[in-house]
Amino acid sequence: EPDLLGTLARLLERDDFSIRFKANEPIRLHELIYPLLQGYDSVAIESDVELGGTEQKFNLLFARQVQEHHGREPQVAVTVPILEGVGGTERMSKSLGNYIGIAEDPNEIFGKLMSIPDTMILRYFTLATERGPEDLKRIEKSLGGARENPKNIKADLAREIVRMYHGEKAAEAAAAEFERRFGRLRGTLDLEGVQAVTLTIDGDSVWIVKLLRDLGLAKSNSEARRKIEEGAVRLDGQRIDDAE
């Protein structure tokens, strides 16, 4: 059996365990046992290579030590990024209800992809399509420009993912159905129906955070800052990245 004290010492080197231990916060027994049991899986199946999400890096590296303890050559650990769900924050998960199923109806897939935050468009292109580095750079540049509406780029993403799993006809049909229900996709920024507001300010300039708050587009300075950080604020079509 592995040396108990040595095993605990290694487990407590994990960042979140170390921080919680120093802060005198509880660490539950199953949290300590889990990496050891997962590591023994590698021994039981005589694993040569293991694939996991980036959040599994510690467990995969710990499993290499368990393999060595049992006289086996440590497996190669391969990690991949985790794709966030349609909300753009938590990892995509069926239990959280923020997932997109590849076997779902094409219209459902298209609609879900059109609902992701603009800040997630490039990440979805990177992790969920087969676009190469040059294409991704072009998309990133388009997202940072003023001429192209992010909605149109998102529609290209939705078409491509539906096409990958359901074919060209389904992709175009889903795009047409979305356009029928929610309005046109192509073209520059659509200002139809946008309300015009006149605001009187003191001096020659106004703080963008205060402007958003005074216009009623944010309830507080912190909410205004968050909207700016998320890339949701544009001036003359140009995205604002700095709240100051």
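## Terms and basis

A residue is buried when its relative accessible area is under 20%, exposed when over 50%, and partly exposed in between (1.4 Å probe, protein chains only). This is a predicted model, in which local features need pLDDT of at least 70, side-chain atom pairs count only at pLDDT 80 or more, and totals for chains, interfaces and linings use all residues. Residues are numbered from 1 along each chain as its sequence is written, and side-chain values use heavy atoms, with hydrogens and water left out.

## Aromatic pairs

Rings of Phe, Tyr and Trp (its six-membered ring) pair if their centres lie within 6.5 Å; planes under 30 degrees apart count as stacked, over 60 as edge-to-face and the rest as tilted. The count by this rule is 3 aromatic pairs. F58 and F62 are stacked, because their ring centres are 6.1 Å apart and their planes meet at 15 degrees. Both sit in helix α4 (residues 57–69), 4 residues apart, or about one helical turn. F62 is buried, at 5% relative accessible area. F58 is partly exposed, at 21%.

F178 and F182 form a tilted pair, with centres 4.7 Å apart and planes at 40 degrees. They lie 4 residues apart in helix α9. F178 is buried at 12%; F182 is partly exposed at 48%. Ring pairs join F110, F178 and F182 into a cluster.

## Packing of α5 and α9

Helix α5 (residues 106–114) packs on helix α9 (residues 168–182) at about 60 degrees, with the axes 9 Å apart. Contact (heavy atoms within 4.5 Å) involves residues including F110 and M114 in α5, and E177 and F178 in α9.

How values were computed. Axes fitted to C-alpha atoms, helices over the stretch in contact; angles between N-to-C directions. Helix = DSSP H or I, 4+ residues; strand = E, 2+ residues; numbered from the N terminus.
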